[in-house]
Amino acid sequence: MSNAAGQVRRAGSITVFAGAAAGIDDRWAKTAYELGRLIAQGPGTLVFGAGGTGLMGAVSDGALDHGGHVVGVIPESMIEKEWARPDLTELIVTDGMHERKKIMASRADGFICLPGGAGTLEELVEIWSWVNLGFLDSRIVLLDDNGFWQPLLELVQHFERSDFLGEQTRRQLLVAEDPAEALVMALG
């Protein structure tokens with residue numbers, strides 16, 4: 001399988017965007033762990049931002065604890081700050097964030113977004129834009145654990161009502177309520 005740029009993607013890889021913090025809801029870390037477990041037992045490969053804390057740490061814990069292949073992709077500057085998890089199956093070090101996202105996209109058969117902050121939102125929006133422009137042929141799933149993504153979905157509806165995006169673009173963001181559903185949706 002290849003994306004629009006002609007790069008080969010690994011079959012059975014899910015790229016997960018998630019916060020480096022755990023957030024205020026304890027369920028988010030449990031959901032992240034469960035998603036990692038399901039990826040390990042299903043498609044087998046988790047691709048993520050290589051962090052060992054927060055929801056990034058929880059999703060990678062779930063995958064590693066259950067024998068998954070875990071690929072972390074991180075810029076050199078973040079390695080220098082010791083933000084990379086040291087026990088990953090594979091660690092890819094990049095020159096910057098743009099290269100990081102390009103590699104994460106090239107390794108993905110689907111994307112799942114867990115709760116997170118500005119970095120997670122930025123990754124989600126850029127990948128959504130790539131899908132919308134036809135640069136990438138992948139599914140994007142918002143794992144809407146306890147309604148986390150509802151404010152964003154309301155904003156997206158506002159964009160659509162204001163005629164800044166069409167229904168087809170809105171429908172590129174799939175919404176799941178649990179990890180199993182998210183994984184099925186991401187893989188199509």
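This is a predicted model: local features need pLDDT of at least 70, side-chain atom pairs count only at pLDDT 80 or more; totals for chains, interfaces and linings use all residues.
Select Arg-170. Arg-170 has a relative accessible area of 26%, so it is partly exposed. Its salt-bridge partner is Glu-160, with the closest N and O atoms 2.4 Å apart. Arg-170 lies in helix α7 (residues 167-170) and Glu-160 in helix α6, so the pair ties together parts ten residues apart in sequence.

Phe-159 is partly exposed, at 33% relative accessibility. Together with Leu-155 and Phe-164, Phe-159 makes a nonpolar surface patch of about 330 Å².

Next, select Glu-122 and Lys-101. Their side chains meet in a salt bridge (2.3 Å, N to O). Glu-122 sits in helix α5 (residues 118-133) and Lys-101 in helix α4 (residues 97-106), so this pair ties together parts 21 residues apart in sequence. Lys-101 is buried at 3%, while Glu-122 is partly exposed at 34%.

Move to Glu-76, in helix α3 (residues 76-80). Show Glu-80, Asp-95 and Glu-99 as well: with Glu-76, they gather in a patch of negative charge on the surface.

Last stop: Ser-60, in helix α2 (residues 54-65). Is Ser-60 buried or exposed? Ser-60 is buried, with a relative accessible area of 0%. Beyond its neighbours within four places in sequence, Ser-60 is in contact with Leu-46, Phe-48, Gly-51, Val-70 and Arg-85.

Conventions
Residues are numbered from 1 along each chain as its sequence is written. Side-chain values use heavy atoms; hydrogens and water are left out. Patches are made of residues with over 30% relative accessible area and no salt bridge: like charges are joined within 9 Å, nonpolar side chains (Val, Leu, Ile, Met, Phe, Trp, Tyr) within 5 Å. Accessible areas come from the Shrake-Rupley method with a 1.4 Å probe; for residues, only the protein chains shown count as cover. A salt bridge is a side-chain nitrogen of Lys or Arg within 4 Å of a carboxyl oxygen of Asp or Glu. Lys and Arg count as positive and Asp and Glu as negative; His and the chain ends are not counted. The place of a charge is taken as NZ of Lys, CZ of Arg, CG of Asp or CD of Glu. Helices (H or I, at least four residues) and strands (E, at least two) are DSSP runs, numbered from the N terminus. Buried means under 20% relative accessible area, exposed over 50%, partly exposed in between (1.4 Å probe, protein chains only). Contact means heavy atoms within 4.5 Å.
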